[in-house]
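Reader: I would like to learn how to read a protein model. Could you take me through some features one at a time?

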Amino acid sequence: MSPVKIPRPKRGGEGQWGLGYKEPLNAAEQMKRDENPIYVKERILEYSDQWRRGQLSDVDHIFVADLRSRFRWYGLYTQRPEEDGYFMWRIRIPGGILTSEQTRVIGKISQDFGRDVADVTDRQNIQLHWIRLPDVREIWERLESVGLQTTEACGDTPRNILGCPLAGVDATEVFDATELLYACNERIVGDPEFSNLPRKWKFSITGCTHQCAVHEANDVAFVGHQRDDGTVGFDVWVGGGLSSTPRFGERLGVFVKPEQALDVYVGITSVFRDYGYRRSRNKARLKFLMADWGPELFRAVLEEKYLGYKLEDGPIAKPSPEVHRDHTGVGRQKDGDNYVGFALRNGRITGTELIKLADLADEEGKGRLRTTTQQKMILLDIPDERLAPTMDKLEELGFPVFSSTFRSGMMACTGIEFCKLSIVETKARAEWLYSELENRMPDFDEPIRINVNGCPNSCARYQLADIGFMGVLVTEKLNGAGQLDKLEGFNVHIGGHLGEPHAFGRKVKGLRLRADELPSFAERVLRLYLSQRDGHSTFGEWVNSLDDKKINAFAQEAAKGLERVGPKPVSTEEIRPDDRRDEEREKFLEKLGASR
């Protein structure tokens, strides 16, 4: 068999190392060439110590490539506005697996250093806010004392590995992939060999029959299933991703046995490292390489250049019938105990509440908790006789187990409160949205996914929601005087869902809603569905029976004369007084050049 031939890009080099293009083609690649960011940890600690000693008093004196880039390799992002010197810090939680001790430590850190605020993300991480640099050393020591890390929680690295939060627990799972998840995490995270990837790298691995780890939208995903002969293994999907250019992953058409999984994961990651595009940051994700190569070439390169053997052909894993994949509510564990899953406030929680949940896990269970891929949490190991008291205590904490379909089906990204990329506020807006819908439509009990995102980056997966709201600015006239103002608003995407067939939400053309119009619009859309469903069993099924023209027509009709309720959208100046992106970029490039 002749060696596999790898095509060269039509328009010159794309910075692919495997084709000999090693020279950096943008500032980010130059930063990584200057120093691999994985080595910045000691310098972060030194900055922390200098601040405590009074030798450093503001972030302007931190090497800019460290502050805005390398810090991310250890989960640290500057919070907006940057000059205030606060950080968001992301804690890596592989598979969402937590002990009560770990949860309690995170909660206490939030209380002591982060103004009692935390977020559970849709990658099963926990994020802290309001972190100050002088406190970093002590926080790190506390996290590491209970086996937690922040290594490569951000940056051009292997991000937190998604897994089923009920792995090893769910009575219906194909098999428990926890050991393999940990093996993949241990092998690749923090290894300089994989700490300079073209962009972020998202992986999921699960044996869950619900397929809750969103395999269709990850860079690489191992989907556990069982063949007709009883053999268990993985169906491998590659090249998924969201953001402004969403793409579903594609099957490689292989059956990977559990004992092969680690080598295959390392091999696929190596293909991305060596052949992923590095010229443009906007096209540096694996989905763009897959769009050009296709699964056949990708598989051939993987087998010949990285594995040294051919993988066995395999059938597709049986698609999950669950479109809204989550583990909220009460379910039976394989050992006879119960798990209890519950919605937070769009992922938002306090440190105090985390501590109380840790105490509850000890009192009523065996000290085991989980975070989910939908910003929810789960308590494990609750005996039958303790179910009712446990649910009562969760209700007292503000986390009802059987919350409304709007609360349990809603996600929101971090938003402009902390994120420098966001255009609008999201967390509080989404909490207000589900509360309004609960009051307006108390009898609506079908699963519905409404996701609220602050920018096109899709951290809250707005393209995969039944109704997805993406933050934009809406221009309006002021007092009829001809003056224009820009207010918080949202684009609308309708009909996104997973499963087979899967689909991205379709953008409603020409429609931008003010932020205070979201509840009225969502209510009208759902009432239209109820009146016109014509035998369809779900909202997604109904929407996907309509063509683009009909979707635009009913959405535009629903948007006419909307009642404006709740918090008024704030204006541009109130939203982003620190946002001078072109000026900041020039300043950044100037500093970067001077620091080399």
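Author: We can begin with a pocket. The model is a predicted one. By class, the residues lining its second largest pocket are 7 nonpolar, 16 polar and 7 charged.

Reader: What is the volume of the second largest pocket, and which residues are closest to its centre?

Author: Its volume is about 560 Å³. The lining has 30 residues, and Glu322, Val323, His324, Pro447 and Arg449 are the closest to the centre. The elements that contribute two or more residues to this lining are β11, α11 (405–408) and α14 (539–543).

Reader: How many cavities of 30 Å³ or more are there?

Author: The general idea comes before the count. Rolling a probe the size of a water molecule over the atoms shows where empty space is left. In this model the count is 3 cavities of 30 Å³ or more. The largest cavity has a volume of about 130 Å³. It is lined by 15 residues, and those nearest its centre are Val323, Gln374, Arg449, Leu464 and Leu498. That lining divides into 6 nonpolar, 5 polar and 4 charged residues.

Reader: Next, a helix. Which residues of α10 are buried?

Author: Start with the geometry. An α-helix has 3.6 residues a turn, so residues three or four places apart point the same way. Helix α10 spans residues 387–397, and its buried residues include Leu387, Thr390, Leu394 and Leu397. These four lie on the same side of α10 because they cover an arc of only 85° around the axis. On the other side of α10, Glu395 and Glu396 are exposed.

Reader: What covers the buried residues of α10?

Author: The cover includes the strands β11 (329–332), β12 (338–343) and β15 (376–382), together with helix α9 (351–364). Just after α10 comes Gly398, with a positive phi of about 95°.

Reader: Where do residues other than glycine take a positive phi, and which peptide bonds are cis?

Author: Most residues other than glycine have a negative phi, and most peptide bonds are trans. Arg115 has a positive phi, near 55°, and lies in the loop between α4 (100–113) and β4 (118–120). Gln124 has a positive phi near 70° and lies in the loop between β4 and β5 (126–132). As for the peptide bonds, a cis bond joins Arg80 and Pro81, with omega about -5°. Pro81 is in the loop between β1 (76–78) and β2 (86–91). A cis bond also joins Glu500 and Pro501, with omega about -5°. Pro501 is in the loop between β19 (483–494) and β20 (506–514).

Reader: Is Arg115 buried or exposed, and is Gln124 buried or exposed?

Author: The relative accessible area decides: buried is under 20% and exposed is over 50%. Arg115 has 51%, so Arg115 is exposed. Gln124 has 0%, so Gln124 is buried.

Reader: Now a single side chain. Where is Ser520, and what does Ser520 touch?

Author: Ser520 is in helix α13 (residues 518–532). Ser520 counts as buried because its relative accessibility is 4%. Leaving aside residues up to four places away in sequence, Ser520 touches Arg440, Leu562 and Glu563. A polar atom of the Ser520 side chain lies 2.9 Å from the backbone oxygen of Glu563.

How values were computed
Residues numbered from 1 in each chain as written. Predicted model: local features only at pLDDT ≥ 70, side-chain atom pairs only at ≥ 80, totals over all residues. Heavy atoms only, no water. Buried < 20%, exposed > 50% of the residue type's maximum accessible area, 1.4 Å probe, protein only. Arc of directions from axis to C-beta. Contact = heavy atoms within 4.5 Å. Polar contact = N/O pair within 3.5 Å; in protein donor to acceptor, adjacent residues only side chain to side chain. 1 Å grid on protein atoms, 1.4 Å probe; cavity = no way out; pocket = protein on both sides within 12 Å on 5 of 7 lines; lining within 4 Å. Points joined across faces, edges and corners; volume = space filled by probe spheres on them. Nonpolar A, V, L, I, M, F, W, Y, C, P; charged D, E, K, R; others polar.
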